[in-house]
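Reader: I want to learn how to read a structure feature by feature. Please take me through the one shown here.

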Amino acid sequence: MSEVGRAKRKEKCENCTKQCNKKQTEDGVGPEQEEVNGQSEAPAPLLLSACLSCEGCVSEQESLKISQQSLEEVEQVLALNKRCDASKHRVLVASICPQSLPFFAVKFGVDVPEAAQKLCGFLKSIGVQFVFDTTLAAGFSILETQKEFIQRYRRRHHDSHALPLFTSSCPGWIRYAERVLGSLVTPHICTARSPQQIMGCLVKDFFCQQQKLSPEKVFHVVLAPCFDKKLEAVREEFYSSLMETRDVDCVLTSKEIYRLMEQRKVSVEELDSVPLDQVLGEAADAALTRHDGRGSEGFLEHVFKHAAKELFGLDVQEVTYKTLRNRDFQEVTLERDGETLLQFAAVYGFRNIQTLVHRMRKGRVPYQLVEVLSCPGGCLSGRGQSEEAGRLDRALVQQMEEVYSSLPVRLPELNPALRVLYQDWLQGQDSLQTSKLLHTEYRSQTHTQPPHMQW
């Protein structure tokens, strides 16, 4: 990059930082204004995703790829399917994140299962052939994270990078870790792929095999609550140069889909209720479920319960959170006879992430696992569905949390579909295929970070 280009990027980044700080000041938010033990209102946070979406760290090539993930791209595929002969058609597959469904439930005024069927009816009415939800993929991600935690815990005494283990499902956090924090953090990131990218493998590998389709003939769209998922979809490791196709071709946020419904003047009442498709076909259990957790995938809770049982023979029925700095910085502890056996933390939002990193630099992180998410409040608060006129819609988020919590919880260990897929698709839980399709690597990329970036 030329010196002129660097200067312009530096100026833009510095101005962006000033504007973010100014906005927080105008909103009455100062560094000291934080919720402590639930006694005061949480501040409007500086979103990590907002910082990482500026041109200061998103390359021109990435910007182009992200801009292509739009309603217009989906409409082009639909239009080509209508105009072209069958040999040039692409099969449209949509995968819906569980955290997007509460948004539609609130907007439609129905419960989550009915919202899922209404949304499925709309997608199929515009030309999408298959509609899945990503709960199954999240189950894979949780199980692989559990397995990796146990392995790391058992080698903690001779591997300085084994613990703490940081979760890897949030692309905003991953980008910050790779581009800014580098080798301080990247060896500690769980290698399990996120639910979105495991769903990409399920669709472009297993599903294509079942349907006898070549992967490039499938156009895979993911509906997500978060804009950062678009960044994740364009990562190089999730692109097959041989087949010239991505695991996830396009990510659309909940609001983008809702806007499409408004543009087409579709009313909820006139939408057909169509059951979601199942990756394993009609024989699979079609009931909608969720994972434990605070509006996210619940990695902390699932790994905590699994580790308590696997490592110490203790059955934990309910996880009790202790609020530390604010409601987005909490910890859970497993104790026996006064001894602390496990100590995990949930750290959400940029300000809390900075606190975590500061402690890590000083070697003062007591946790064996940290569930890290860049959005305050977790995935339900993703900017792709929780903001109105640039501000967090707290009433909407609260409604989404209530309807999401109404779904029954199913442990991934008890999901028969996962057992079948491990055996029939992946040739076993410890196979090379499992390692290849369900895991990835996160590397330090700090050499690409502009030298002026301050965090």
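Author: Start with an open sheet of five strands, ordered β3-β11-β10-β9-β8, with mixed pairing. β3 (165-166) and β8 (322-326) stand at the edges with a single partner strand each, so one side of each has no neighbour in the sheet. Keep in mind that this is a predicted model: local features need pLDDT of at least 70, side-chain atom pairs count only at pLDDT 80 or more, and totals for chains, interfaces and linings use all residues. Residues are numbered from 1 along each chain as its sequence is written, and side-chain values use heavy atoms, with hydrogens and water left out.

Reader: How are strands and their pairing defined?

Author: Helices (H or I, at least four residues) and strands (E, at least two) are DSSP runs, numbered from the N terminus. Two strands pair if DSSP finds at least two bridges between them. In general, strands of a sheet pair through backbone hydrogen bonds, either parallel or antiparallel.

Reader: In which sense do β10 and β11 pair?

Author: Parallel. Strand β10 (residues 339-348) meets strand β11 (residues 369-373) over five bridges.

Reader: How many residues of α7 are buried?

Author: Check the cut-offs. Buried means under 20% relative accessible area, exposed over 50%, and partly exposed in between (1.4 Å probe, protein chains only). By that rule 17 of the 20 residues of α7 are buried, so the helix is largely enclosed by the rest of the structure.

Reader: How many salt bridges does the structure hold?

Author: There are 17. Another joins Arg155 to Asp159 at 2.8 Å, N to O. Arg155 is partly exposed, at 30% relative accessibility. Arg443 and Glu441 form one too, with their closest N and O atoms 3.1 Å apart. Arg443 is exposed at 53%, while Glu441 is partly exposed at 48%. Shared partners also link Arg90, Lys204 and Asp249 into one salt-bridge network.

Reader: How many cavities does a search of the whole structure find?

Author: On a 1 Å grid over the protein atoms alone, a cavity is a set of points where a 1.4 Å probe fits but cannot get out; lining residues have an atom within 4 Å of a point. Grid points are joined across faces, edges and corners, and a volume is the space filled by probe spheres set on the points. The search finds five cavities of 30 Å³ or more.

Reader: What lines the largest cavity?

Author: Its space is about 240 Å³. Of its 19 lining residues, Gln99, Ser169, Pro225, Lys229 and Cys379 lie nearest the centre. For classes, Ala, Val, Leu, Ile, Met, Phe, Trp, Tyr, Cys and Pro count as nonpolar, Asp, Glu, Lys and Arg as charged, and the others, Gly among them, as polar. This lining has ten nonpolar, seven polar and two charged residues.

Reader: What about the second largest cavity?

Author: Its volume is about 90 Å³. It is lined by 14 residues, with Val74, Leu123, Ile126, Leu252 and Ile257 closest to its centre. By class, this lining has 13 nonpolar, no polar and one charged residues. Helix α4 gives the most to it, with four residues.

Note on methods: On a 1 Å grid over the protein atoms alone, a cavity is a set of points where a 1.4 Å probe fits but cannot get out, and a pocket is an open set with protein on both sides within 12 Å along at least five of seven lines; lining residues have an atom within 4 Å of a point. A salt bridge is a side-chain nitrogen of Lys or Arg within 4 Å of a carboxyl oxygen of Asp or Glu.
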